[in-house]
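Hi,

Here is the structure I said I would pass on. Have a look through it, then read my notes below.

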Amino acid sequence: MADYDRRSGGSRGGYNNRKRRYRDDDEYDRRPQRRRYEEPLHLKVRKQLLGVAESPLKKTDEEINSIAKLVVDNYEDTEIRNQFLNLAVQLVVEQPFKIPFIAAIVLVINPTNPKVAQEILAKAGIAIREHLEAGAWREVKLVLRFLGCLQGLLEGDGVFPILEELFSRAVDLQTASSEDSLGLELVKIILLTIPYIMASSATEFEEQTLALLEKTDIIASTPHALEALVNPYPGNDEEDAQEPQSVIGLLQRQLQGESQQAWKLACIPRPWNIAKKEEEGMDAPAAATKHALPQINVPSPVAPGPRPRLPEIYFSVYADQEIETVPSTADIASSILRDSLIDTINILDFNRNATAKFLIDLDCYFAADTFVKRATQFDKLRNVDEGRSTWKPEDVAVDAVFSQLLQLPSPEHKLVYYHSVLTEACKVAPAAIAPSLGRAIRWLYKNVDWMDLELVYRFEDWFSHHLSNFGFTWKWTEWVDDVQLPMVHPKKAFMMGSLEKEIRLSFAARVRGTLPEPYQPLISEAKEKDTPDFKYNSAQMSYSEPAKEILRLLRAKAPEADIQVPLTSIEEAACSLGVTDPLIPSTDAYVTTICYLGSKSLSHVLSQIERCKDRLLSIGTQSESARRQIITSVMDYWQEKPGVGVNMVDKLLNYTILTPTSVVMWALGDQLGKGEGLVHSHIFEMVSSTVTKVTNRVRQIVMARNAAGLPADQVAILDETLTKEREEMGKLFAVIEDALVGVAGGSVDGMAESADQDLKGEAMLRGWGRRWLRVFRRKMAVEEAWVQEMLEQGAQAQAQAQAQAQAQAQAQAQAGSMEGIDGPGNGGQNGNGDANGGAYGGEAKDEELDEIL
Amino acid sequence: MPAATQTTVDRLDKPSAYYLGRNKKRKYGRDRDDDDVGRERTPEEPEDPLKDAATLYVGNLSFYTTEEQIHELFAKCGEIKRLVMGLDRFHKTPCGFCFVEYYNHQDALDCMKYIGGTKLDERIIRTDLDPGFQEGRQYGRGKSGGQVRDEYRDEYDPGRGGYGRAIAEERQKEEDEYGKGR
């Protein structure tokens, strides 16, 4: 972007600045000009506050004192005051790592100017009330953390009453439903606030904390009903399943452990200790001005927030190494670091460079000695003195990104965001990050056999995308023994899938060049060919003459009637050969011709499909098997580049030339074999993107009906459509279920006979069946839960809207505006990447939806 | 709390300085209001043609990058509605840029954040929000048919036809006049 960045006017005078080519002329003086004016103080405050604790070269104590002095000395200046107060509260929710340091500034200022703390508490109070009303629970948690750090200057019990209130809401939610996960979220917030209170300058809250911990235990330690659904390591067979560790259960145990160690909480920074030191030097009573926390009520019932949740499982790619490079799950640091990291990553999705910088500077924001020095090599960890930390900051950071990338059912942002964060971090500090990524990749690869299948494909997708950003360099020699594995082996399938995806981002010859000799056979010569052959050019092919005629006619853009002639001749010939559905060979010829004519590029094939749309549409209505032949022909033509084929199938779905069911029947019926079809990553891609199209359509309808201010009759129409679409969705999932149950149970035709010949292969195929089944059962459960929850929210919002409208109408008869209502139903637009995925059915369906509205 | 008008770190899903510069000049002539560039666009600005923009201009592509490759990468941010390759005005061959149109505005913003500035075909690509593709814009506006930047570029870029065309021409002329190796 820098190459387009233009300085405006100035030294260039009236010169026509648009002609970029003159930019490097000598007359254009790029030397930096000395700043000619003193920077206004409020900007200085802003700059210092934004940068607090960021640099490992500056002493954080001095930074804090300097900001405190600036603010105290100039507090009468409204600009400075507002700058400080607003920015401090904004930083709390945007850059969570800095919360303790901002709290420290307030604590340092308090003895000299108690008004500052009072005003900032007021601001924080307003902020937290807004977040509570909106159900923005992450922000609630962060503001609470800030207040927790300030516990030492709060009157009475400080933040404890809020925690108690949150807890009673959690109890309400938990008693109302056993599947509730919002209550868990509230308990998690409580548990994550406690360490900061206990590390704060406040003392004598042990008893209250212990009492609270005792209460949260029942909720936090009970395994959630839906935990199994989101377990990243379900295992291939029942016996190798890993017990999922719920984030909240871990937290509860870690806090109880910490309570027995006098709340050491070693990793939390305590920048307020400088404030304490200063206090000691001053007259005690004046220093100890305490403030009341502004009134904060937790609404009842609480607002659910924009994103339906499922229980969270703790995930680490650095588990069981010989030397601990990340805190073990027994240590509270694992939760504290992870929580701050995840928030930082997810909040700053709008600037991945900033996120990457935070990840790399992680050690600046926690207590000294929490980590080893940056970029310490793994082998050097052996030389670390006994009793000192061996945690690598880059491992801890990378681990957090993977926990999001591989979160089930889906992380907050699109997966590609987490790719980009890792890419960026690797670019900024390759020496530190790249080896950590290497160990993460090895660990994931080792566990590919047991991982949830959806996660295997996410790993594959990230791996290939990441390599494409770094010259496709990977030490393939490490896995060279696995090249010999059979295709049905999960590791081999992963290898094949990754190479295929690399090729899709680049080209076959390039990827081949990065592979050691034993891998060469994995990339066939045929993949390097740009345009696959037109099979009917071979005289041995049946129907080759009429097919060539179709090619000639389509190329010449001949009228439909002319094209019908060779098609009919194929069908007649087929009939005479006893083919049961003569439409199949003619469809094959027609679709293969379209593929061939459109092989030059995506645009070519799209315009070709557009031209042939009507005939293609009519094929499906005449015969379901001919409709599936369309897919067979496409995937056959593109067998060497299945990615192009999958893409075409996707577009054909948009044209409704194909139906979701036909795609699923094709992939999990026609192509299934004994289950071998399940090992190809492009088949999974095809099925899951088809399912996503259908589920997105349902989601869009739900969002549309939940939109604020929609008249009742339109809601009714949408509800009707919704019922229909949900039924369709259910049917589609049922088709998938039926097909997969057969493979998982080993009852597919042909499986039984060969049972003793190739036992291991059979077992693997059954494993594939089970893994697929898990993924799609989860997808169904998640979708159903989502729809259910959103409909409930919509109903609530509508009830509220009605009540408000009535109240308004009573208050002032002339103004009945409904604009101010912001029901939680709107909130669903944020977050979940899947929800924004795209429009099922492309334009046509969009318009349909518009029409309904 | 007053609505946060500016995030504590810059956003990557804002139009580039190039786009803003063009617009500003047309609208107000030159004024030195640099702060404007860093300003968060609030949703209430009705005249903003990028408010619902779902199209991106994509630059610094190799001439050899295919639509399929572009699709493969950009589909990671959402379903793509249309992809228009930038072509040399005279030769009708790819000339290193394209337009990607999504169905949703949010997908385009996400693409700015997550894909702009990363590599495709081993080149760092540039994305910019675009008010929408119009027929004719797919052609290079340089003198010799490609993009303007490929006319006068004096570094050798094998992915974009070597030296800039005008530069290459000049070199050729010099060589003809003074002999090889000068």
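**What I found**

Let's start with residues 327-517 of chain A: this span is 57% helix and 0% strand, and its end C-alpha atoms lie 40 Å apart. Keep in mind that this is a predicted model. An unreviewed UniProt entry carries the annotation "domain: MIF4G-like type", which covers residues 327-517 and 534-784 of chain A.

Next, a pair of helices in chain A. Two packed helices are described by the angle between their axes and the distance between the axes. Here, helix α18 (residues 453-469) of chain A packs against helix α19 (residues 490-505) of chain A at about 45°, and their axes are 9 Å apart. α18(A) and α19(A) are therefore oblique to each other. The crossing of α18(A) past α19(A) is right-handed.

Which residues meet there? On the α18(A) side they include A:Tyr457, A:Phe459 and A:Phe463, and on the α19(A) side they include A:Phe494, A:Lys501 and A:Leu505. Sorted by class, this contact of α18(A) with α19(A) has 8 nonpolar, 5 polar and 4 charged residues.

Now over to chain B, which has an open sheet of 4 strands with antiparallel pairing, in the order β2-β3-β1-β6. At the edges are β2 (80-87) and β6 (126-130) of chain B, each of which pairs on one side only. From one strand to the next, the twist averages 25°.

How many bridges join strand β1 (residues 55-59) of chain B to β6(B)? There are 5, and the two strands run antiparallel. To find one of these on screen, go to B:Thr55, whose bridge partner in β6(B) is B:Asp130.

Cheers

Notes: Residues are numbered from 1 along each chain as its sequence is written. Chains are lettered from A and ligands numbered from 1 in the order in which they are written. This is a predicted model: local features need pLDDT of at least 70, side-chain atom pairs count only at pLDDT 80 or more; totals for chains, interfaces and linings use all residues. Side-chain values use heavy atoms; hydrogens and water are left out. Axes are lines fitted to C-alpha atoms, for helices over the stretch in contact, and angles run from 0 to 180 degrees between N-to-C directions. Angles under 35 degrees count as roughly parallel, over 145 as roughly antiparallel, 65 to 115 as roughly perpendicular and the rest as oblique. A crossing is left-handed if the near helix is turned anticlockwise from the far one by less than a right angle, and right-handed if clockwise. Contact means heavy atoms within 4.5 Å. Ala, Val, Leu, Ile, Met, Phe, Trp, Tyr, Cys and Pro count as nonpolar, Asp, Glu, Lys and Arg as charged, and the others, Gly among them, as polar. UniProt positions are given in the numbering used here, feature names are shortened, and annotations may be inferred rather than shown by experiment. Two strands pair if DSSP finds at least two bridges between them.
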